[in-house]
Every structure is written in C-alpha cells, then in structure tokens.
Amino acid sequence: MANEEKPKKKLGFTIIKDDPTDGHKGYGIGSLSLENVSPLIIDVEEQDAVLDIGAMHARSQTERGIKFTTNREDSEGGKNYWLVWITIDFNPAGPYYAGVTSCEMVVNREKRRGYKILADHVNLMDKSMKRKIIVDHMDAPSKKVLADYLKTHNPEMWERSEEQLHSDLSQ
C-alpha cells in the first residue's frame with residue numbers, strides 16, 4: 001500500500017473579481033482583474049459577431065470539440081474566426097471601450113481540428129486589459145462587423161472611446 005497512486009491536484013483558473021487586494025498590501029498584489037474583459041467571436045464567412053464568455057477559458061461554442069494545433073495545415077479548409085478581447089474602463093464621462101485586441105483562429109469542424117496560437121491569445125488578452133488597441137491585422141469586412149457590434153451594443157460607450165479605435169476600425 002506504500003505505492004498507492006494519489007490523484008493529481010487540478011490547477012483551476014481563477015477569475016479575480018473586483019480589487020484583489022481590497023486595501024491590504026499582501027497576497028494578490030499585481031493581479032489583474034478580468035471582470036471588465038469580454039471575448040467576442042467574429043465569424044469571417046458569415047460576417048457575424050457573438051459574445052461568448054466561454055472563450056475566457058478557451059471553451060467557447062466555436063472551440064468546443066476541436067483539437068487546436070499551431071500547424072495551419074491541420075485545419076485546412078476550415079472557417080476563419082477572430083477572437084476579439086474587449087476591455088471596458090470608466091472615465092469621468094462614463095464607461096468606454098478601453099482595450100480592443102484581436103487574434104486569429106481557424107476551425108475545421110469536419111476534421112475536428114483547429115489552428116490558433118494560444119500564447120498570442122493570452123498575450124493579446126493581456127494587452128487589451130492594459131488598454132491597447134490592436135486590430136490593424138484584421139480584414140476590412142471583419143473590422144466593419146466589429147465596429148457595428150460595438151456601436152450597436154452601446155452607442156454612448158462607442159462615442160466615449162478613443163479616436164484610435166474609431167480610426168483603426170474604419171480603415
């Protein structure tokens with residue numbers, strides 16, 4: 001019995017809400033809150049945008065049942081998607097779209113294979129949380145879908161957003 005197998009501990013991904021330090025200077029210093037970040041998935045072919053919180057853990061409806069690799073040929077013939085990280089912040093005038101970044105994803109449902117670079121997805125989510133706008137690599141029709149979604153979701157937040165977001169999505 002000395003050689004019993006103990007179950008491995010599972011590492012959970014914890015979304016930190018509100019202020020993790022709550023005034024003290026101990027555990028949690030330097031943690032970023034994911035409370036104001038939302039993932040939006042744009043279907044390039046359908047020209048449609050869907051907010052899917054499951055994408056926070058790479059478990060969106062689009063990603064379920066797909067084995068992702070960093071080899072683009074594995075998902076050849078699949079549909080192209082953009083995963084857009086949107087961060088909301090507040091200024092004296094009210095809430096606005098502070099950080100917007102996008103990452104590429106290809107999904108081939110028939111093969112149950114997909115292409116994405118997880119490190120890029122994580123790094124771009126981080127950049128969105130740091131109030132960066134990185135959408136220049138998106139195709140023009142997808143930029144229009146994103147701009148239309150942001151405008152219709154909350155016109156006031158769109159108006160309060162930085163001019164860079166407006167100009168980058170209109171190109």
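Predicted model: local features only at pLDDT ≥ 70, side-chain atom pairs only at ≥ 80, totals over all residues.
Strands E1 (37–43) and E2 (residues 48–51) run antiparallel and are joined by 4 bridges; strands count as paired here if DSSP finds at least two bridges between them. Both labels refer to DSSP runs, numbered from the N terminus, with helices (H or I) of at least four residues and strands (E) of at least two. Asp43 stands opposite Asp48 in E2. The hairpin of E1 and E2 has 4 residues between the strands, and Gln47 takes a positive phi near 55° in that hairpin.

Residues are numbered from 1 along each chain as its sequence is written, and side-chain values use heavy atoms, with hydrogens and water left out.

Now the overall arrangement. The protein has 4 helices and 7 strands, in the order β-β-β-β-β-β-α-β-α-α-α along the sequence. Of its 171 residues, 39% are buried, that is, under 20% relative accessible area, against over 50% for exposed and in between for partly exposed (1.4 Å probe, protein chains only). The accessible surface comes to about 10800 Å², and carbon and sulfur atoms account for 51% of that area; the areas come from the Shrake-Rupley method with a 1.4 Å probe, and for residues only the protein chains shown count as cover. Taking contacts (heavy atoms within 4.5 Å) between residues at least 6 apart in sequence, 64% join residues at least 24 apart.

I turn to helix H1, residues 118–129. With 12 residues at 1.5 Å a residue, H1 should span 16 Å, and its end C-alpha atoms lie 17 Å apart, which agrees; the expected span is 1.5 Å times one less than the number of residues. Which residues of H1 are buried? They are His121, Leu124, Met125, Ser128 and Met129. Viewed down the axis of H1, these buried residues fall within an arc of 145°, so they line one face of the helix; the arc is that of the directions from the helix axis to the C-beta atoms. Their cover includes strands E1, E4 (79–91), E5 (94–108) and E7 (133–134). Just after H1, Arg131 takes a positive phi of about 70°.

Helix H2, residues 140–153, has 14 residues; at 1.5 Å a residue it should span 20 Å, and its end C-alpha atoms are 20 Å apart, which agrees. Buried in H2 are Ser142, Lys143, Val145, Leu146, Ala147 and Leu150. These residues pack against E1, E2, E4, E5, helix H3 (155–160) and helix H4 (163–170).

Ser75 lies in the loop between strand E3 (67–69) and E4, and counts as buried because its relative accessibility is 1%. Leaving aside neighbours within four places in sequence, Ser75 is in contact with Val106, Asn108, Arg113, Gly114 and Tyr115.

Asn108 is in strand E5 and is buried, with a relative accessible area of 7%. The C-alpha atoms of Asn108 and Gly78 are 3.8 Å apart, although 30 residues separate the two along the chain. The side chain of Asn108 reaches the backbone nitrogen of Glu110 at 3.2 Å and that of Lys111 at 3.2 Å.

Definitions and conventions:
Polar contact = N/O pair within 3.5 Å; in protein donor to acceptor, adjacent residues only side chain to side chain.
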